Amino acid sequence: MAYLDHAATTPMLPAAMAALTKELGEVGNPSSLHAAGRRARRAVEESREAIAAAFGARPSEVVFTAGGTEADNLAVKGLYWSRQKERPRPRILASSVEHHAVLDPVRWLVEHQGAEVVWLEVDSVGRVDARQVHEEIASDPESVALVTVMWANNEVGTVQPVGECAAAAAPFGVPIHSDAVQVAGHLPLDFAASGLDAVTLSGHKLGGPVGVGALLLGRSATPAPLIHGGGQERDVRSGTLDTPSIAGFAAAATEAIDARRSREATIAALRNELIAGVIEQVPDARLNGDPRLDEDHRLPGNAHLSFPGCEGDSLLMLLDARGVHCSTGSACSAGVAEPSHVLLAIGSSPAEARSSLRFSLGHTSTRADVDQLVAVIGPVVERARAARASTAAQV
Amino acid sequence: MRVLAALSGGVDSAVAAARVRDAGHDVTAVHLALSSNPQTFRSGARGCCSLEDSRDARRVADVLGLPYYVWDLAEQFRAEVVDDFLSEYAAGRTPNPCLRCNERIKFAAVLDRAVGLGFDVVCTGHYAQILDGLDGPELHRAVDPDKDQSYVLAVLDRDQIGRSLFPLGDSPKAEVRREAAARGILVADKPDSHDICFIADGDTKGFLASHLGERPGHVVDSDGVVLGNHDGAYAFTVGQRKGLGLTVATPDRQPRYVLSIEPTTNIVTVGPREALGVNEIVAERPRWCGAQVVSGEVFAVQYRAHGETVTATVHVDSGLLRATLDEPASGVAPGQTLVLYDGTRVRGSATISAAL
């Protein structure tokens, strides 16, 4: 089996499993005042400090959530709501290539709360331009509730100029959030240096457990809570703290950061071989996203390719049958694949968007995985093309 | 064989896939997403478009240990089936969308894609039998007469029949339900689907009205006397008795039936039951399940799903099929399909264009 879908979820790191299972065997609510509670509280706070250290934040800036989606919702909806206190600020500036965990809350605010969204355009590699952030805010600074620009795109892997965007927003005092779910543990991430007000992290994308994440939240940022009931996390997020998951998340973050430089260099080298190998077998396959493969421009584990004349879901099925696991990177409702909004935003046609696959590598990837894909991709593409041709002829 | 099993999320397709898997074939499951706007968890189970059906199909595949994928055919389904359904009604005919779907989607777009991807056959939970004949595979009625679906499959040609598997054709429905329960298939007691899958609430008239708009017109008798008004001639079917909206009592106190629908003048003509009888059915676009029939052959013809058959002598001439009936039939609606049977064997079908 060649697992090439680490951007969906990556195997848990041994240190994370050890920390998680150790805590699963303990008792204690971190909010309790007795010894068992204090023990759990200590585990949570040490985890908070470890995550803060890993990502250039202060411990008090780490707000634990039940995953990246919740953290994105807290940032987008929470900041939007809190920004309406002094005066109406209807505008949200959001990149057009955001993950659905950001897109959907933005759309919900537009549909139900009178928000107005300004979609920040991207170029042909999927990159926003910080000048547009500046121009849009400068045109009417008081009307902007927040800016949200993901740190790196989950589909095509393009790294965004989030520092420049933060610098563009700062003079106006407009809070800026970034979804860094694909970045944390894989690229340098220094919250303090970034100038961002809020950054989303997820446990399971960096080798921790599923169901835990965090919002790094500058102390001046005060989103309205989504979840009320106890105020455990800075009164911004309520709910009993999940000590085992938090401990597992922190152990994974620490290991990922310690090993980051050498591990990500290995992953990037394998990724480059994957791209070269696939294009050698399928010469008209096209790499989407930034062709500059260094970590300033592209996620180390990401390879996103279009295969003209194929349906992505045919390719996925044929590869799956041959033990290669990858993703069409498309949103599903009842499993109905829609052409990726990311690819449409970078100028692909719906047919091109549907012909694409994302291969994503991670800490367990090996050359054998790449070889397995390269060995089968040629015949698989040929077959998918034949299937599409016969269907097209019929309809 | 490499088999592509279509799973609707219902019990029949689940048992069909299970039987084929048990026979030792290499089975992959697909759920066909036919609606681009699936309704969330609508009540009951009505076919093939809901989120709940797709989840049920996934669970069936899990239980059977089959790889499972969703194929998005919403665009083709809308263009080939839903739009056709609307334009047929708008033209005063009464289409059967299940036949259309089998002809254009399940045994065309899906089958072709499956073959292209390396599958040998497509398997569904339809109740019909494929038997070896002298000249190749033949389509036959299912053994369970209540469930027989050979009528809606009569648009398949011999190649399509040869690339299809209907593992339920030899079983009564009750046995299929028992088998599903014994296999631990969670949808074993899910109700049968009867309605048109893309009309979620079963309100065909409302669906037509919302898409075609209200087009008020008169309901008249065969002398042209106005007996009532309607909101759209498209909402009527030849042979229909209820919901005619007659405001003038008929002299003989007998019920009236729709005799004809005239889309251009928007007039619905009604008359007594006797006036419904037809002796000849004309049908177009014949499709043969095997060899083309020879003019003068006698068949049992069926002119609507779940209907009776009538003995008829059939003539085929320049793309038109004429069936001369031994005894008058009533409720023959243009747009429905005329299917020719000899015994249990399906010989072909054509779309009814006129009843004389």
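Visitor: Which domains does the assignment give for chain B?

Guide: A quick note before that: this is a predicted model, where local features need pLDDT of at least 70, side-chain atom pairs count only at pLDDT 80 or more, and totals for chains, interfaces and linings use all residues. Residues are numbered from 1 along each chain as its sequence is written, while chains are lettered from A and ligands numbered from 1 in the order in which they are written. Domain bounds come from an automatic or database domain assignment. For chain B that gives domain 1 (2–182), domain 2 (222–275) and domain 3 (277–355).

Visitor: Which element gives the most to the side of domain 1 of chain B that touches domain 3 of chain B?

Guide: The C-alpha centres of these two domains are 25 Å apart, and 22 residues of domain 1 of chain B are in contact with 18 residues of domain 3 of chain B (contact means C-beta atoms, placed from the backbone, within 7 Å). Elements giving two or more residues to the domain 1 side are β6 (136–141), α5 (150–153) and α6 (158–162) of chain B; helices (H or I, at least four residues) and strands (E, at least two) are DSSP runs numbered from the N terminus. With five residues, the top contributor is β6(B).

Visitor: What radius of gyration does chain B have?

Guide: The C-alpha trace spans about 65 × 50 × 35 Å along its principal axes. The globule rule, for a radius taken over C-alpha atoms, is 2.2 Å times the number of residues to the power 0.38. For 356 residues that puts a compact globule near 21 Å, and chain B agrees, with 21 Å.

Visitor: Which residues touch the most other members of the largest nonpolar core?

Guide: A nonpolar core is a set of buried Ala, Val, Leu, Ile, Met, Phe, Trp, Tyr and Cys residues joined through C-beta atoms within 7 Å. This one has 135 residues, and helix α4 (residues 97–116) of chain B gives the most, 10 residues. Leaving out residues up to four places away in sequence, A17(B) touches A5(B), L7(B), V27(B), A29(B), L64(B), L66(B) and C123(B). The top two are A5(B) and A17(B).

Visitor: Over in chain A, is I246(A) buried or exposed?

Guide: I246(A) lies in helix α8 of chain A and, beyond its neighbours within four places in sequence, is in contact with V44(A), S47(A), F64(A), V212(A) and L241(A). The cut-offs, using C-beta atoms placed from the backbone, are 20 or more others within 10 Å for buried, 12 or fewer for exposed, and partly exposed in between. I246(A) has 30 C-beta neighbours inside 10 Å, so I246(A) counts as buried.

Visitor: Which strands stand at the edges of the open sheet of chain A?

Guide: The order is β9-β10-β14 (chain A), with antiparallel pairing; two strands pair if DSSP finds at least two bridges between them. β10(A) and β14(A) pair over five bridges, and A303(A) stands opposite F359(A) in β14(A). Each edge strand has a single partner, so one side of each lacks a neighbour in the sheet: these are β9 (286–287) and β14 (356–360) of chain A.

Visitor: How far apart are the centres of the two domains of chain A?

Guide: Chain A is divided into domain 1 (2–7 + 260–394) and domain 2 (14–254). Their contact takes 24 residues from domain 1 of chain A and 21 residues from domain 2 of chain A. Taken over C-alpha atoms, the centres lie apart by 28 Å.

Note on methods. Contact = placed C-beta atoms within 7 Å.
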